[in-house]
Amino acid sequence: MGGFERHLTWWVLGCIGVGTALGYLLPGAFATLGAAEIAKVNLPVAVLIWLMIIPMLLKIDFRAMGDLKRHWKGIGVTVFVNWAIKPFSMALLAWLFVRHVFADHLPAAQIDSYVAGLILLAAAPCTAMVFVWSHLCDGEPRFTLSQVALNDAIMVVAFAPIVGLLLGISSITVPWATLMLSVALYIVVPVIVAAMLRGWILRRGGEVALQALLRRLGPVSLGALLLTLVLLFGFQGRQIVDQPLIIAILAAPIVIQVYFNAGVSYWLNRRLGVAHCVAGPSALIGASNFFELAVATAVGVFGVHSGAALATVVGVLVEVPVMLSVVRIVNASKPWYERRA
């Protein structure tokens with residue numbers, strides 16, 4: 001991890017501060033940017049999201065799914081946690097924290113939108129930053145690659161139905177056309193583009209050319225992430241300044257679900273006798289979120305000024321420091337993990 005990535009938390013905080021200040025001071029400019037949309041897709045955000053997602057997807061070799069049987073226990077645990085536990089546990093936590101415990105401290109008109117944003121965040125398992133977390137805990141790289149490839153394949157067909165189910169359970173009207181458009185724009189098309197571009201590069205220049213391109217695109221992806229934060233927090237600038245507790249309230253269920261899902265994944269892997277080099281990345285993949293997709297979908301479905309967009313962006317703020325703490329826990333507990341009862 002380079003110096004820039006190591007200090008990503010501070011860059012995120014800085015962009016949140018800049019975006020909030022600009023949104024508060026220049027509401028008209030951000031209103032104009034927010035109105036730049038086609039078919040409910042905000043164009044500035046859409047461009048930035050693509051610049052984030054496609055370089056990350058270029059790292060994924062979908063042929064690695066052939067290795068699934070080699071680590072089938074760890075794969076099974078991660079899939080179970082990602083798709084059967086995490087979205088539903090977040091829906092429960094959102095219902096508890098947003099609708100009940102802190103409801104009196106939140107704007108009533110945005111409560112449904114906050115719940116929706118938290119659900120969107122949890123329904124998308126991480127694909128990109130997982131490679132960083134896996135490296136930091138000495139994870140098995142082939143397991144990480146095959147698990148990420150499988151998660152992306154599942155997301156193509158499962159993301160929209162799970163989100164629709166949970167939003168329906170939460171009594172939130174699901175705009176299916178917009179949701180399916182977001183899935184096509186931010187999952188299906190980027191996966192196809194990245195897979196075709198990856199294959200073309202490998203045929204022309206091999207692995208060396210691919211790694212060189214990934215190094216060049218890395219700063220582009222992170223820069224797009226930071227500019228997206230400036231935009232999204234600018235859209236929410238006045239609301240954040242007027243009610244700063246909203247960030248802390250939305251962060252609470254996100255932090256809880258990260259530790260809960262990481263703990264469940266880690267414990268299940270230990271019970272099944274999975275090697276630590278697989279259990280570590282399994283726990284991290286089970287806990288982290290594909291916040292780029294969540295942000296894009298929230299903006300497309302609910303709008304740039306919505307509570308859903310804000311909730312997903314809070315996930316970015318929480319992701320880096322909390323996941324680094326999970327990495328430390330996984331590394332420190334290795335002697336306990338490998339000590340069989």
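Biologist: Let's start with D138: is this residue buried or exposed?

Modeller: A word on the ground rules: this is a predicted model, where local features need pLDDT of at least 70 and side-chain atom pairs count only at pLDDT 80 or more, while totals for chains, interfaces and linings use all residues. Residues are numbered from 1 along each chain as its sequence is written, and side-chain values use heavy atoms, leaving out hydrogens and water. With a 1.4 Å probe and protein chains only, buried means under 20% relative accessible area, exposed over 50%, and partly exposed in between. D138 has 62% relative accessibility, so D138 counts as exposed.

Biologist: What is the phi of D138?

Modeller: D138 sits in the loop between α7 (130-136) and α8 (141-169); helices here are DSSP runs (H or I, at least four residues), numbered from the N terminus. Although D138 is not a glycine, its phi is positive, at about 55°.

Biologist: Which element has the highest mean pLDDT?

Modeller: pLDDT is the predictor's confidence in each residue, from 0 to 100, and the protein averages 84, with 94% of the residues scoring at least 70. Where pLDDT is low, the predicted coordinates should not be read in detail. Helix α1 (residues 3-6) has the lowest mean, 59, and the highest, 93, belongs to α11.

Biologist: And what is the relative accessible area of Q257?

Modeller: Q257 lies in helix α11 (residues 245-271). Leaving aside residues up to four places away in sequence, Q257 touches K86, M90, L93, A287 and N289, where contact means heavy atoms within 4.5 Å. Q257 is buried, and its relative accessible area is 0%.

Biologist: How are α12 and α14 oriented to each other?

Modeller: Their axes are lines fitted to C-alpha atoms over the stretch in contact, with angles from 0 to 180 degrees between N-to-C directions. The axes of helix α12 (residues 276-287) and helix α14 (residues 307-332) come within 10 Å and cross at roughly 155°. Angles under 35 degrees count as roughly parallel, over 145 as roughly antiparallel, 65 to 115 as roughly perpendicular and the rest as oblique. That makes α12 and α14 roughly antiparallel.

Biologist: Which residues of α14 do H276, G280, L284 and A287 meet?

Modeller: Those four residues belong to α12. Their partners in α14 are M323, V326, V327 and V330.

Biologist: Finally, how are α4 and α9 oriented to each other?

Modeller: Helix α4 (residues 43-57) and helix α9 (residues 176-235) pack with their axes 3 Å apart, at an angle of about 140°. The two helices are therefore oblique.
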